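Open the model in your viewer and switch to a cartoon view with side chains at hand. We will go from one selection to the next, helices before rings.

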Amino acid sequence: MIGEHSSKAYDHDLEAIRSKVLLMGGMVETQFLDAMTCFRIGNQERAERVIREDDAVNQLEVQLDDQCSHLIVRRQPAANDLRTIMATIKVITDLERIGDEAAKIARTAKSLHSRGAVTVNHYEMVRNIATATSDMLHDALDAFARNDHTQALALIAQDAIIDHEFRTIMRNLITFMMEDPRTISAALDTMWVAKAIERIGDHAKNIAEYVIYVVEGIDIRHSRAVAAGEGIKED
């Protein structure tokens with residue numbers, strides 16, 4: 001009876017943490033979308049709001065880290081359950097960093113539009129990569145919510161597409177700057193935004209990898225097979 005009671009208490013505590021993690025995920029998703037809107041139309045007020053919201057995301061990270069630490073101490077979870085908690089802590093860290101990248105985009109958008117330095121079609125340069133990354137982040141959070149390792153594995157291959165798109169953007173922007181020095185300021189800002197988007201894609205991929213770790217018990221980070229799209233071999 002004691003073991004059953006302890007298990008139910010652990011499940012309740014873990015579900016409360018997972019719910020907050022998904023809340024945090026929704027917050028950074030909105031941050032990213034709002035930041036990209038700022039980059040497109042130059043809404044200074046919205047940019048300030050995105051930057052302020054990063055503080056709320058940071059506070060939630062601290063709260064969740066504390067809850068996870070207390071859960072380990074109080075419930076002393078077995079190996080499988082401990083794996084879930086450790087993966088959740090890593091997801092929290094990645095979400096916080098996504099919030100940081102969204103705030104960077106908002107700051108860059110604010111600076112770009114305040115200077116009136118829109119001499120290249122800055123938003124169109126990153127529109128495709130931003131859409132792909134937003135979709136990837138949403139799907140990674142969905143995979144985390146449902147412990148869907150199949151969806152998570154499919155997402156990892158998408159990161160290579162985003163990386164390829166990022167490299168294409170860099171080449172195009174360098175060409176713009178070489179051909180017309182007047183575009184340098186705006187092109188550099190667009191580079192910083194593209195890099196921030198690419199980093200958000202990396203963090204979304206990390207979340208997908210943690211889902212696979214929880215479900216399969218396999219750490220596929222830095223795996224050449226997965227990077228090549230070969231997937232996980234099943235017994």
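A word on angles before you select anything: those under 35 degrees count as roughly parallel, over 145 as roughly antiparallel, 65 to 115 as roughly perpendicular and the rest as oblique. Axes are lines fitted to C-alpha atoms, for helices over the stretch in contact, and angles run from 0 to 180 degrees between N-to-C directions. Helices are DSSP runs (H or I, at least four residues) numbered from the N terminus.

This is a predicted model, where local features need pLDDT of at least 70, side-chain atom pairs count only at pLDDT 80 or more, and totals for chains, interfaces and linings use all residues. Residues are numbered from 1 along each chain as its sequence is written, and side-chain values use heavy atoms, with hydrogens and water left out.

**Stop 1: helix α6.** Select residues 184-216. Now click on Gly217, which follows α6 and has a positive phi near 75°.

**Stop 2: helix α3.** Just after α3 comes Gly116, with a positive phi of about 65°.

Keep α3 and α6 on screen together. How far apart are their axes, and at what angle do they pack? The axes are 9 Å apart and the angle is about 165°, so the two helices are roughly antiparallel. Their contact is made of 18 nonpolar, 5 polar and 8 charged residues (Ala, Val, Leu, Ile, Met, Phe, Trp, Tyr, Cys and Pro count as nonpolar, Asp, Glu, Lys and Arg as charged, and the others, Gly among them, as polar).

**Stop 3: helix α5.** Select residues 149-179 beside α6; the axes come within 9 Å and cross at roughly 165°. α5 and α6 are therefore roughly antiparallel, and their contact holds 20 nonpolar, 3 polar and 8 charged residues.

**Stop 4: helix α4.** Bring in residues 122-146, which pack against α6 at about 15° with the axes 9 Å apart. α4 and α6 are therefore roughly parallel.

**Stop 5: charges over rings.** Show Arg18 and Phe144: Arg18 lies over the ring face, 4.6 Å from its centre. Next, find Arg83 over the face of Tyr213, at 5.9 Å from the ring centre. The rule asks for NZ of Lys or CZ of Arg within 6 Å of the ring centre and within 35 degrees of the ring normal.

How values were computed. Expected span 1.5 Å × (residues − 1).
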